[in-house]
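Have a look at the sequence and the fold, then read on.

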Amino acid sequence: MARKKADPKEGAPLAEKDEIKNTQGAGAAKTIGIVIGGSLNIRKEPSKEAKIIGTLRSGAELEIETPGKTWHKLKGEGYVMAGYVELR
């Protein structure tokens with residue numbers, strides 16, 4: 001019998017892999033990136049002058065919603081410079 005998915009608002013553990021739904025449509029593949037070099041700033045907008053809303057360390061994995069030549073849009077919120085991310 002399958003376990004019920006816990007309410008994420010209550011800080012419960014994540015659902016089993018087979019219970020996670022693909023919100024990008026059937027057959028959509030995730031784009032994963034790895035931070036290369038030093039630390040990488042996450043910015044509110046795709047601009048060097050935009051507000052920094054976070055930082056990632058070298059080797060960190062991130063999920064990219066929209067890859068680009070200069071900036072990658074992250075799943076959720078934020079942008080990172082493409083030159084500091086190796087796509088997988």
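Let's start with N41, which sits in strand β2, residues 40-43 (helices, H or I, of at least four residues and strands, E, of at least two are DSSP runs, numbered from the N terminus). This is a predicted model, so local features need pLDDT of at least 70 and side-chain atom pairs count only at pLDDT 80 or more, while totals for chains, interfaces and linings use all residues. Residues are numbered from 1 along each chain as its sequence is written, and side-chain values use heavy atoms, with hydrogens and water left out.

**Around N41**
- N41 is partly exposed at 30% relative accessible area (buried is under 20%, exposed over 50%, partly exposed in between, with a 1.4 Å probe and protein chains only).
- Leaving aside residues up to four places away in sequence, N41 touches I52, G54, T55, Y79 and V80 (contact means heavy atoms within 4.5 Å).
- Y79 is 38 residues from N41 along the chain, yet their C-alpha atoms are separated by 8.5 Å.

**Salt bridges**
- The whole structure has 3 of them (a side-chain nitrogen of Lys or Arg within 4 Å of a carboxyl oxygen of Asp or Glu).
- E77 pairs with K44, with the closest N and O atoms 2.5 Å apart. E77 is in the loop between β5 and β6 and K44 in the loop between β2 and β3, so the pair ties together parts 33 residues apart in sequence.
- E63 and K75 meet at 3.7 Å, N to O. E63 lies in strand β4 and K75 in the loop between β5 and β6, so this pair links parts 12 residues apart in sequence.
- E86 and R88 meet at 3.3 Å, N to O; E86 is partly exposed at 37%, whereas R88 is exposed at 64%.
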